[in-house]
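The sequence and structure come first.

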Amino acid sequence: MSDKNERHKARQEKLKQAVDDKIAKAQTVKGLLIVITGNGKGKSTSGFGTVARGVGHGLKCAVAQFIKGNWECGERELLTRNGVDFHVMGTGFTWNTQDRESDTQAAEEIWLECEKMLQDDTLELVLLDELTYMITYDYVSLERVITALNNRPPMQSVVITGRAAHRELIELADTVSEVRNVKHAFDSGVKALKGVDW
Ligand code: ATP
Ligand code: MG
């Protein structure tokens, strides 16, 4: 065997040992709180990907979508067909929100559904898509969100998506990923594509 090959083999063995040690040490079993934030594309798709993964393993899953728009209908169709509870914010809160009063009312209604989900110990995985905006706009108080997350069933996992996740949410989470925008087709004038962007 060449020197280069030998060195590669030794390095890989060391790496494998380090990974095996880490796997052996990871003994805690609990539901996870995952936050996917940042300005790049891929937050909601990551959240829905996790739900698809859960459904594939027969987990009982639920989704609350805080921003209603035609861009996210694809996931809804698929998941409701597969027995996933789906709640969408009433008035269709969007980026160019106009009416604070009706938005607050709609946010309150869907958040009450979320509180029920976060108390339901038959639910194993919950996606709160675009929840971060409700906190930013103060449509749902941070305190209520933190309390509900803290009191949820121990084996229930929750995925929260949306830009600019609040610092306290990040502190509370077990896993946090920030999706950074490197480039996006929209900036060069490409239209959002059905099945890819929504
Ligand atoms: P996706 O749903 O594709 O995972 P996302 O959840 O990360 O995206 P959002 O901020 O929720 O991003 O925006 C949803 C829509 O906006 C999608 O159609 C997505 O392609 C588009 N989008 C996401 N990031 C950007 C960006 N940096 N510039 C322009 N459009 C974006
Ligand atoms: Mg999104």
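A polar contact is a pair of N or O atoms within 3.5 Å; within protein, one must be able to donate a hydrogen and the other to accept it, and residues adjacent in sequence count only if both atoms are side-chain atoms. In this predicted model, a polar side-chain atom of Thr-45 lies 2.8 Å from an oxygen atom of ligand 1. The protein covers 88% of the 570 Å² of accessible area that ligand 1 has on its own (Shrake-Rupley method, 1.4 Å probe; for residues, only the protein chains shown count as cover).

The model is predicted: local features need pLDDT of at least 70, side-chain atom pairs count only at pLDDT 80 or more, and totals for chains, interfaces and linings use all residues. Residues are numbered from 1 along each chain as its sequence is written, chains are lettered from A and ligands numbered from 1 in the order in which they are written, and side-chain values use heavy atoms, with hydrogens and water left out.

**Ligand 1**

- There are 14 residues around ligand 1, and Lys-41, Gly-42, Lys-43, Thr-45 and Asp-197 come nearest (near: a heavy atom of the residue within 4 Å).
- By class, this shell holds one nonpolar, seven polar and six charged residues. Ala, Val, Leu, Ile, Met, Phe, Trp, Tyr, Cys and Pro count as nonpolar, Asp, Glu, Lys and Arg as charged, and the others, Gly among them, as polar.
- The backbone also takes part: a polar backbone atom of Lys-43 is 2.7 Å from an oxygen atom of ligand 1, and a backbone N or O atom of Gly-40 lies 3.2 Å from a ligand oxygen.

**Salt bridges**

- Side chains of opposite charge can pair when their charged atoms come close. Eight salt bridges are found in the whole structure (a side-chain nitrogen of Lys or Arg within 4 Å of a carboxyl oxygen of Asp or Glu).
- Asp-20 pairs with Lys-16, the closest N and O atoms being 2.7 Å apart. The two are separated by about one helical turn because they lie four residues apart in helix α1 (residues 3–25). Helices (H or I, at least four residues) and strands (E, at least two) are DSSP runs, numbered from the N terminus.
- Asp-174 and Lys-30 form a salt bridge at 2.6 Å, N to O. This pair links distant parts of the chain, 144 residues apart: Asp-174 is in the loop between α7 (167–172) and β6 (175–178), and Lys-30 is in the loop between α1 and β1 (33–37).
- Asp-174 is partly exposed at 35% relative accessible area, and Lys-30 is partly exposed at 42% (buried is under 20%, exposed over 50%, partly exposed in between; 1.4 Å probe, protein chains only).
- Lys-116 pairs with Glu-113, with 3.5 Å between the closest N and O atoms. They are three residues apart in helix α4 (residues 100–117), so about one helical turn separates them. Lys-116 is exposed at 52%, whereas Glu-113 is partly exposed at 27%.
- Glu-108, Glu-115 and Arg-144 are joined into one network by salt bridges that share partners.

**Annotated segment**

- An unreviewed UniProt entry annotates residues 2–23 as "domain: Cob(I)alamin adenosyltransferase N-terminal". UniProt positions are in the numbering used here, feature names are shortened, and annotations may be inferred rather than shown by experiment.
- Residues 2–23 are 95% helix and 0% strand, with the end C-alpha atoms 31 Å apart.

**Positive phi angles**

- Glu-130, a residue other than glycine, has a positive phi near 70°. Glu-130 is in the loop between β4 (125–129) and α5 (131–136) and is buried, at 8% relative accessible area.
- Asp-138 is not a glycine either, and its phi is positive at about 60°. Asp-138 sits in the loop between α5 and α6 (142–150).
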